[in-house]
Amino acid sequence: MEEPLRTIIAGMIGGAFMGMVFVTHIALLLVYSPPKTLSERAAESNVSNLVTLSALVTFLGWNVLAIAMSFAAQATLSGDKTQISVVPNPVYLFIVMFIVLFISIPAFIFFRDRKTHLVGELLLFVGIFGFLIPNLVIAVQRPQI
């Protein structure tokens, strides 16, 4: 398998994982604690199409972002590519942390009442995009035995 294809696969694994957890988390939030406007709209019309389309777009969006980030992780890799470690790519991790900081400032203002959920999602983002994806990029590029 060629190297770009392996990088795409590594990104798709991370994106699928993030997408599944994110969509599930949002679905649980909307079921157990829906916003008032959504509750009122659900009584008036059928929002199932909106929810389904939103879940699909969100899931695909996480996959596209993860593929792009896997190429960024591959581009910033340095040194020995055969070792899988906790932080295989400090430069890439710094970039991910900067993105989280950039996203979290407006997110904490916009989602004031859901801060614990937002912190959980941001930690998940750092875990998947900062640690899992670089290790997946290294793992799929290792020589096969």
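In this predicted model, helix H3 (residues 48-75) packs against helix H5 (residues 115-141), with the two axes 9 Å apart and at an angle of about 60°. Two packed helices are described in just this way, by the angle between their axes and the distance between the axes. The crossing of H3 past H5 is right-handed.

Which residues make the contact between H3 and H5? From H3 come Trp62, Leu65, Ala66, Met69, Ser70, Ala73 and Gln74, and from H5 come Phe125, Phe129, Ile133, Pro134, Val137 and Gln141. Sorted by class, the residues of this contact of H3 with H5 are 10 nonpolar, 3 polar and no charged.

H3 can also be checked for length. The helix has 28 residues, and at 1.5 Å a residue it should span 40 Å; the C-alpha atoms at its ends lie 41 Å apart, which agrees. Several residues of H3 are buried: Trp62, Asn63, Ala66, Ile67, Met69, Ser70, Ala73 and Gln74. An α-helix has 3.6 residues a turn, so residues three or four places apart point the same way. The cover over the buried residues of H3 includes helix H1 (3-32), helix H4 (90-110) and H5.

Now turn to H1 and its packing on H5. The axes of H1 and H5 come within 9 Å and cross at roughly 160°. An angle over 145 degrees counts as roughly antiparallel, and therefore H1 is roughly antiparallel to H5. The crossing of H1 and H5 is right-handed.

On the H1 side, the residues that meet H5 are Glu3, Arg6, Thr7, Ala10, Ile13, Gly14, Phe17, Met18, Val21, Phe22, His25 and Leu29. On the H5 side, they are His117, Glu121, Leu124, Phe125, Ile128, Phe129, Leu132, Ile133, Leu136, Val137, Val140 and Gln141. By class, the contact of H1 with H5 has 16 nonpolar, 5 polar and 3 charged residues.

Two residues show this packing in detail. Leu136 is in helix H5. Is Leu136 buried or exposed? Its relative accessible area is 16%, which is under 20%, so Leu136 is buried. Leaving aside residues up to four places away in sequence, Leu136 touches Ala10, Ile13 and Gly14. From C-alpha to C-alpha, Leu136 and Ala10 are 5.3 Å apart in space, although 126 residues separate them in sequence.

The other residue is Thr7, in helix H1. Thr7 is buried, with a relative accessible area of 0%. Again leaving aside residues up to four places away in sequence, Thr7 touches Ser70, Phe71, Gln74, Val140 and Gln141.

Last comes the protein as a whole. How many helices and strands does the secondary structure comprise? There are 5 helices and 0 strands, and from the N terminus on the elements run α-α-α-α-α. Of the 145 residues, 32% count as buried. Among the contacts with a separation of 6 or more, 82% are between residues 24 or more positions apart. The pair Leu136 and Ala10, at 126 residues apart in sequence, is an example of such a separation.

Technical notes
Residues numbered from 1 in each chain as written. Predicted model: local features only at pLDDT ≥ 70, side-chain atom pairs only at ≥ 80, totals over all residues. Heavy atoms only, no water. Axes fitted to C-alpha atoms, helices over the stretch in contact; angles between N-to-C directions. Helix = DSSP H or I, 4+ residues; strand = E, 2+ residues; numbered from the N terminus. Left-handed = near helix turned anticlockwise from the far one by under 90°. Contact = heavy atoms within 4.5 Å. Nonpolar A, V, L, I, M, F, W, Y, C, P; charged D, E, K, R; others polar. Expected span 1.5 Å × (residues − 1). Buried < 20%, exposed > 50% of the residue type's maximum accessible area, 1.4 Å probe, protein only. Parallel < 35°, antiparallel > 145°, perpendicular 65-115°, else oblique.
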